[in-house]
Amino acid sequence: MANGPPTRNLLRIVLDNFLKSFRPRQMKGDYVGEDYFGNKYYEIPADPSVGRRRASRWFEPTAKEAYDQEITAEWEAWLRGRRKEPPTEQELLKNLAIMKMKERNAAELEAKYSKPKDTATLEQQKTGMGSFPQYDEYEVMPGKGKHEK
């Protein structure tokens, strides 16, 4: 019997898995990089031999417990597994420069095309029936004839 095929003991498997669930998870990953907000990114690579099909990725924010803070789009894509390689420093700086240029252009266009608002020239908001648009081809009251200007 000692040389026979290994038998499956269901109770033993359940008990082993239950006891393994109390072990602390590995939270020491490889440092991957940092963004210009100061967030640090880590990864535990995939290891199919132990049942980890996908890499575990996470970040540590600059302020502890502030996981709702902003992160860059490139790093978010890497965290969610949409890209295999983490973003490079040059890529982050290039996209930051593009973002700053777009903000500058938007501010220039706003300054160029915005009109100063004068509260005296704004009409008082009409209420009641006067607030609806009135057209000559429609009757104001059904059966009472057309609208008079």
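Modeller: Let's start with surface: accessible areas come from the Shrake-Rupley method with a 1.4 Å probe, and for residues only the protein chains shown count as cover. Here the protein exposes about 13,700 Å², with carbon and sulfur atoms supplying 54% of it. This is a predicted model, where local features need pLDDT of at least 70 and side-chain atom pairs count only at pLDDT 80 or more, while totals for chains, interfaces and linings use all residues. Residues are numbered from 1 along each chain as its sequence is written, and side-chain values use heavy atoms, leaving out hydrogens and water.

Colleague: What share of the residues is buried?

Modeller: Buried means under 20% relative accessible area, exposed over 50%, and partly exposed in between (1.4 Å probe, protein chains only). Of the 149 residues, 15% are buried.

Colleague: Which residues make up the largest nonpolar core?

Modeller: Such a core is a set of buried Ala, Val, Leu, Ile, Met, Phe, Trp, Tyr and Cys residues joined through side-chain atoms within 4.5 Å. Here seven residues form it: Y41, F59, I71, W75, W78, L79 and L92. Helix α2 (residues 73-79) gives the most, three residues.

Colleague: And T72, what does it touch?

Modeller: Contact means heavy atoms within 4.5 Å. Not counting residues up to four places away in sequence, T72 touches D35, Y36, F37 and L92. T72 sits in the loop between β3 (56-60) and α2.

Definitions and conventions. Helix = DSSP H or I, 4+ residues; strand = E, 2+ residues; numbered from the N terminus.
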